[in-house]
Amino acid sequence: ATRPSRHAPESNMFYQVFEWVPAGFDLANMIDDMRANPAEYPWDKRLTLAQVILGSVDQLHEQDIVHSDLKPENLILISDPFIEIGYRLKVIDMDFSLLSDQKAPWDGIEGYVGTPGWFSPEHVTKSIPAEKSDVFTCGLILYYLLGQGNPYKGLDEKDYEEQVLDFAASPPQLESPVPTGNDEA
């Protein structure tokens, strides 16, 4: 894998080129619909979507790119009847993504951007987001998609920060049992 070309060799800034995303809906909308119409979102379809999300983030990390603002609203789902899960995933809002091995050009001028309620421990401590920041947020997204929702939802900012830094989320309560391999058919 190679990094994209820089627009100026002395800069840490890269161009971003994205296709126009037609009208669709995001993962947050899908989860709202899923809660209202659970029969339309079987467990295997949700697990496959979780794999696609994690695979997409892995592709970013293979290019040494940290998204740093992952959340369900930044995962656009475009209807595609030719795909088994019925949607293509587009990761959007990469305005403040950065290279994992470098500080962002705005480091020291302004803080790193993220979304309250989806901050990683690095965001909370005002550190430079890294791949592990995206992995933490992916965990929150999986809680949201497969379980009862964001484990830190409803907390005020101070309580959120304390619980995130203590990794105080309880194990997720999955909405469908996962076979252990010991189950008899």
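Q: Which element gives the most to the lining of the largest cavity?
A: This is a predicted model, where local features need pLDDT of at least 70, side-chain atom pairs count only at pLDDT 80 or more, and totals for chains, interfaces and linings use all residues. Residues are numbered from 1 along each chain as its sequence is written, and side-chain values use heavy atoms, without hydrogens or water. Two elements (DSSP runs, helices of at least four residues and strands of at least two) give two or more residues to this lining: helix H1 (27-36) and helix H2 (43-62). The most, 3 residues, come from H2.

Q: Why is the pair of Trp-118 and Tyr-144 classed as it is?
A: Aromatic rings pair if their centres lie within 6.5 Å; planes under 30 degrees apart are stacked, over 60 edge-to-face, the rest tilted. The centres of Trp-118 and Tyr-144 are 5.8 Å apart. Their planes stand at 80 degrees, so the pair is edge-to-face.

Q: How many residues apart are Trp-118 and Tyr-144?
A: Trp-118 sits in the loop between strand E5 (98-99) and helix H3 (121-124). Tyr-144 lies in helix H4 (residues 131-146). The pair links distant parts of the chain, and the separation in residues is 26.

Q: Is Tyr-152 buried or exposed?
A: Tyr-152 pairs edge-to-face with Tyr-160, at 5.5 Å centre to centre and 80 degrees between the planes. Buried means under 20% relative accessible area, exposed over 50%, partly exposed in between (1.4 Å probe, protein chains only). At 4%, Tyr-160 counts as buried. With a relative accessible area of 3%, Tyr-152 is also buried.

Q: Which residues form one aromatic cluster?
A: The structure holds 5 aromatic pairs. Tyr-152 and Tyr-160 make up one of them. One cluster is formed by Phe-136, Tyr-152, Tyr-160 and Phe-167.

Technical notes: Phe/Tyr/Trp six-rings, centres within 6.5 Å; stacked < 30°, edge-to-face > 60°.
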